[in-house]
Structures are given as structure tokens and as C-alpha cells.
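The following exercises concern a single structure. Each task sentence is followed by a solution in steps.

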Amino acid sequence: PRRWTLGDIRRAYARRVPICVVTAYNYPQAVHADLAEMDIVLVGDSLGMVELGYPTTQFVTLEQMLHHAQAVARGCHRALIVADMPFGSYEVSVADAMRNVMRMIREGHVQAVKMEGGRRIAATVRACVQQAGVAVMGHCGLLPQTVSALGGFRSYGKNAAEAQTCLEDALALQDAGAFSVVLECVPERLARAITAALEVPTIGIGAGAGTSGQVLVYHDLCGLLSHPHHAKVTPKFCKRFARAGEVIQEALERYRDEVKHGAFPSAEHSPYSIPDREWERFA
Ligand code: KIV
Ligand code: NA
């Protein structure tokens, strides 16, 4: 199958077909996402939290993102792959950001990058798109990389000032050349208003039904870490479409029990034999 391009995204947006995005961080997840015919696969820096066990996304390095992006690229041949630029890889200077987005394309084997922020990163987005020729997705509303200044994970845009900031940031990203903007944890009414104001698709997460597309974290939607005795909770906005964590847990426990009781492996799973004649020569 041919890989999705920005042209395909534009056409889906023009026809008002919702754009479906899921995150993936490794080869099997990428294969699952591709077989499910996702439009976009996002190698999110949520990697840090759901795959690497860090408390925030601020710990994720560019090297880690490259390593995981490569694995996703090996499993995903149909969806457009977007990778997050991690904390510290694009804020210091435009030149630094340009070098790093080029590494993400060349070494991460992805088709586009995503950056958090609005007006403060507009010059960087413009340089990456127009000078480096790299497709950039923006990200407004809750910006997890800024959690320390924000004072914790929380929704964004619940008062007039924040709503105005969010709208102006999204417009600035579009103006700078972003092909799409993620809206994270903003009120549905605000997400609808921003979507109406923009001429590029919005991709919502915890932003209601009025955006041009949706994105969810693989682990959250599959219920990979939400079985009993595990502390990670599924976010309020996330629908859990499966209980994959419980299925895997049960498989591991049955395997353990069968090994402990001698039930595994049985003859059926002991396939290698040596002919009697060879055995006699050996013994
Ligand atoms: O890192 C991530 O998974 C993201 C999505 C939640 C949009 O940025
Ligand atoms: Na992210």
C-alpha cells in the first residue's frame, strides 16, 4: 500500500472525513496500527511515561525518540508517521531545532515532526517548514513538556484569557506553516471554535467531538496498563476499547503455572527429534 501523505490528509479534511491517529512506540504497535489502517501514527514523547516509566515526558531524549521512531518506521508502511520533538530539542534556538528536525527525518525515518507551543515556537516552525522542508504538526492546549511551569497536568482554556491564548497560538502555528494542530485537554466548545477558525485540520485528545480528527495513546485505548494492581489510570477522556493488559497478564500467569506444574511444554510443543539410529551412535 502507498503511504499516506499531507495531500491525503488535506483531502480527508476537505471531505470532512475524521482523521484517525494513534500513538505507537515500537515495532509490534506499529504493525497493529498499520493493519488497523490508521491515517497517522504518532511516535509521541508520551513514550517516556507509557513505555519507559518516567513520571513526565520531560525525561525523553532525542536519542530515545530516534531509537523508537526507527522501530515504528520498520513496522508502519501505510500511515503517515509523525514523531514528537522531545523537551530540549527545539526551544533553545531555531538553528538547533532545524538540526534536530533534520535528524528526526533522516535518522528516525518519519515523515513529519510535532512540537508543543504556539506563538513562542512560530519562528521555529516557519524555519523548519520553509527552510528545512520538514512537515510540522503543532500542539496547543495542555503542553505536557511545560508541566513544571504549568504546575501539574491540567486542562487548558477554561477561562477567557486561556481560551484566547489557545486560539491565537493555533492560528500562529497555521500561519507558520503547520499542516495540522493537536488540541489537548481543552473544552469542546473551544476546540470547535479553533477548528472553525483554522484552515488546517485539528486533531483532538480530550477536546471533544468537534475537531477534524482524534488521537489516543495506544496503551490507554487498548487498556495495556489499566488492569488491577497497576497504578496507571486511564485518563478521563479516554475510552478503553479493550482490556489488553488483563489478557496479557492472564497469559503470563497461565504460562507460569504450566511451567511450575510441568504442563508446559507437552509433546505437542516439543517438536525436535533425533532418529533412533543417530541416538544409538550418540549414546
Ligand atoms: O506524546 C503524545 O502521545 C502526544 C499525544 C497525546 C498528542 O503528544
Ligand atoms: Na507528546
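**Exercise 1.** Identify the residues around ligand 1 and classify them.

*Solution.* Step 1: taking a residue as near a molecule if its C-beta atom, placed from the backbone, lies within 6 Å of it, one finds Thr-23, Leu-42, Gly-44, Asp-45, Ser-46, Asp-84, Val-182, Glu-184, Ile-205, Val-215 and Val-217 around ligand 1. Step 2: the shell divides into five nonpolar, three polar and three charged residues, where Ala, Val, Leu, Ile, Met, Phe, Trp, Tyr, Cys and Pro count as nonpolar, Asp, Glu, Lys and Arg as charged, and the others, Gly among them, as polar.

The model is predicted: local features need pLDDT of at least 70, side-chain atom pairs count only at pLDDT 80 or more, and totals for chains, interfaces and linings use all residues. Residues are numbered from 1 along each chain as its sequence is written, while chains are lettered from A and ligands numbered from 1 in the order in which they are written.

**Exercise 2.** Describe the domains of the chain.

*Solution.* Step 1: the assignment (automatic or from a database) gives domain 1 (6-242) and domain 2 (248-282). Step 2: their C-alpha centres are 45 Å apart. Step 3: the C-alpha trace of the chain spans about 80 × 40 × 40 Å along its principal axes.
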